[in-house]
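Here is a short tour of one protein model, written for someone who likes to check geometry by eye. Please keep the viewer open as you read.

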Amino acid sequence: MRLVLFEPAAGRDPLPGLYTERGVVDISGAVRPGHTPQLTMQHLIDDFERLRPSLERLAREGAARPLAQVRLRPPLPRPGKILACIANYWEHGALEARPLNMFLKNPDAVIGPEDTIVLPEFTEPWIFMHEAELALVMKGPAKNVAAGNWRSAVFGYTGMIDVSARGEGRRTWKAGSWLGKSFDTFAPIGPCIATLDEIANPNDVHVQFWVDGQLRHNYNTDDMEHLVPDLVAFATRIMTLHSGDLIACGTNHEGLGPLQDGEVVDFEIHGIGRMRLHVRDPLKRTWEKGIYMGADSTNPEAVKRNRPPA
């Protein structure tokens, strides 16, 4: 199943729904409501196995609204934690995997489909880049989960764009803190949560990202340095993860490029879905369009595979 939050009409509070081939089905009558949309989705995660028969019936028989008649919102509008992998893809001619590492990204940076990424009026970062990533939606409480038991701690999957402020080259700004990952609007999530059974193998999923129709990210998650079971084991050794928390799995940096004012971006993870966002920069800065491979890009096959055709 694919779970969404949607506004049934302009200005209405978001409701939980199922994203089906027929359209969006309202399931608010079947789900334990929370004080916020985030808590409602966390209740849905916690109660999902009990609710599954009724949700499957609603998916088949419930009244469906055409997607054009509703507005999808981020399926997890305020996660308790967003953990994001640092790098985690084979690139730059690497012969050995780098040590697994993660950082915490600001949950208040979350936005959703058709929202706008707003670049900050802050001139110290040199450039702002997109990083399109598969994200794990956790089911908790999860602590010290063995890699072989990773499925017990993962409810499903969504997509996240890890928008990143950078200094010269690819260094993440601000050095030593990674605060440049956490500006407001720098964590677009969506368009839905695909439940665990929707994707047979999270390390065989295709990720694509376009800017004004130009393909930039174009990679498969089989190229992770550290695979999904190891990510779950690593994160839960450090902290307890709760339902609705996220682990973003990292990106292939051989497809990075700038985001700038007026652009329209499209993000698709096959098996999850596609969403569109907009970019606004109050300072109207400009950079050369296209993929920034950089001086440290030493993997010619990755360059060839990910650079879009002329």
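A disulfide is a pair of cysteine sulfur atoms within 2.5 Å. By that criterion, this structure, which is a predicted model, holds 0 disulfides. Cysteine 85 takes part in none, and the nearest cysteine sulfur to it, 5.9 Å away, belongs to cysteine 249.

Are the two cysteines buried or exposed? Cysteine 85 has a relative accessibility of 2%, so it counts as buried. Cysteine 249 also counts as buried, because its relative accessibility is 0%.

## An open sheet of 5 strands

Let us turn to a sheet. Its 5 strands follow the order E9-E19-E18-E15-E16, and the sheet is open with mixed pairing. The edges are strand E9, covering residues 116–118, and strand E16, covering 214–220; each of these pairs on one side only. On average, and with direction ignored, neighbouring strands of the sheet are turned by 20 degrees against each other.

As background, strands of a sheet pair through backbone hydrogen bonds, in either a parallel or an antiparallel way.

Strand E18 (residues 264–269) contains glutamate 268. Is this residue buried or exposed? Glutamate 268 is buried, because its relative accessible area is 19% and the cut-off for buried is under 20%.

Which side chain makes a polar contact with that of glutamate 268? The partner is the side chain of arginine 274, at 3.3 Å. Setting aside neighbours within four places in sequence, glutamate 268 is in contact with His206, Val207, Gln208, Trp210, Gly273 and Arg274.

Most residues other than glycine have a negative phi, and most peptide bonds are trans.

The peptide bond from glycine 140 to proline 141 is cis, and its omega is near 0 degrees. Proline 141 sits in the loop that runs between strand E11 (132–138) and strand E12 (154–161). Another cis peptide bond leads from tryptophan 173 to lysine 174, again with omega near 0 degrees. You will find lysine 174 in the loop between strand E13 (164–166) and strand E14 (187–195).

## Two positive phi angles

Alanine 87 is not a glycine, yet its phi is positive, at about 65 degrees. Where is alanine 87 found? Look in the loop between strand E6 (82–85) and strand E7 (102–105). Alanine 87 counts as buried, because its relative accessibility is 14%.

Threonine 185 is a residue other than glycine with a positive phi, near 75 degrees. Threonine 185 lies in the loop between E13 and E14, where lysine 174 also has its place. With a relative accessibility of 14%, threonine 185 counts as buried.

Technical notes. Residues are numbered from 1 along each chain as its sequence is written. This is a predicted model: local features need pLDDT of at least 70, side-chain atom pairs count only at pLDDT 80 or more; totals for chains, interfaces and linings use all residues. Side-chain values use heavy atoms; hydrogens and water are left out. Two strands pair if DSSP finds at least two bridges between them. Helices (H or I, at least four residues) and strands (E, at least two) are DSSP runs, numbered from the N terminus. Axes are lines fitted to C-alpha atoms, for helices over the stretch in contact, and angles run from 0 to 180 degrees between N-to-C directions. Buried means under 20% relative accessible area, exposed over 50%, partly exposed in between (1.4 Å probe, protein chains only). A polar contact is a pair of N or O atoms within 3.5 Å; within protein, one must be able to donate a hydrogen and the other to accept it, and residues adjacent in sequence count only if both atoms are side-chain atoms. Contact means heavy atoms within 4.5 Å.
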